[in-house]
Amino acid sequence: MADKSLNKTELVAALAGETGLSQTAVSGVIDAFFTTVAKTVAAGGKVTIPGWLAAESTETAARTGRNPQTGAEIKIPAGKRVKLTAGSKLKAAVK
């Protein structure tokens, strides 16, 4: 981890080592977790893991933007975005 990033394969291996579960089982749990989060947020719900993170869908209004290369105005349509918020435990771990 020279670049200090952690991809899914490395995360699965680390969790398997911590829990004693197989990498296949851990990978299945991670996949199910993200599928559940995606379905919940897409349906307008909020997923909260107290102290760690919260994920929810937010509405954005239509607005006018600018093409940075040409300076021309462009219309940005209204839409939905995903908002992720770090919890207190995650923030404290980073300090």
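The following legends describe close-up views of a predicted model.

**View 1. The hairpin of β1 and β2.** Strand β1 (residues 46–49) runs antiparallel to strand β2 (residues 53–60), and four bridges join the two. Within this pairing, V47 stands opposite A55 of β2. Three residues lie between β1 and β2 in the hairpin. In the turn, G51 has a positive phi of about 85 degrees.

**View 2. The pairing of β2 with β5.** Strands β2 and β5 are antiparallel and pair over eight bridges. T58 has R81, in β5, as its bridge partner. In a regular strand, side chains alternate between the two faces of the sheet.

**View 3. A nonpolar surface patch.** V94 belongs to helix α3. Its relative accessibility is 67%, so V94 counts as exposed, the threshold for that class being over 50%.

**View 4. The aromatic pair of F33 and F34.** One aromatic pair is counted in the model. F33 and F34 form this pair in an edge-to-face arrangement, with 5.0 Å centre to centre and 75 degrees between the planes. The two residues fall into separate accessibility classes: F33 counts as partly exposed because its relative accessibility is 36%, whereas F34, at 52%, counts as exposed.

Terms used: Residues numbered from 1 in each chain as written. Predicted model: local features only at pLDDT ≥ 70, side-chain atom pairs only at ≥ 80, totals over all residues. Heavy atoms only, no water. Patch = residues over 30% accessible without salt bridge, like charges linked within 9 Å, V, L, I, M, F, W, Y side chains within 5 Å. Areas by Shrake-Rupley, 256 points an atom, 1.4 Å probe, with all protein chains shown as cover. Salt bridge = Lys/Arg side-chain N within 4 Å of Asp/Glu carboxyl O. Buried < 20%, exposed > 50% of the residue type's maximum accessible area, 1.4 Å probe, protein only. Pairing = 2+ DSSP bridges. Phe/Tyr/Trp six-rings, centres within 6.5 Å; stacked < 30°, edge-to-face > 60°.
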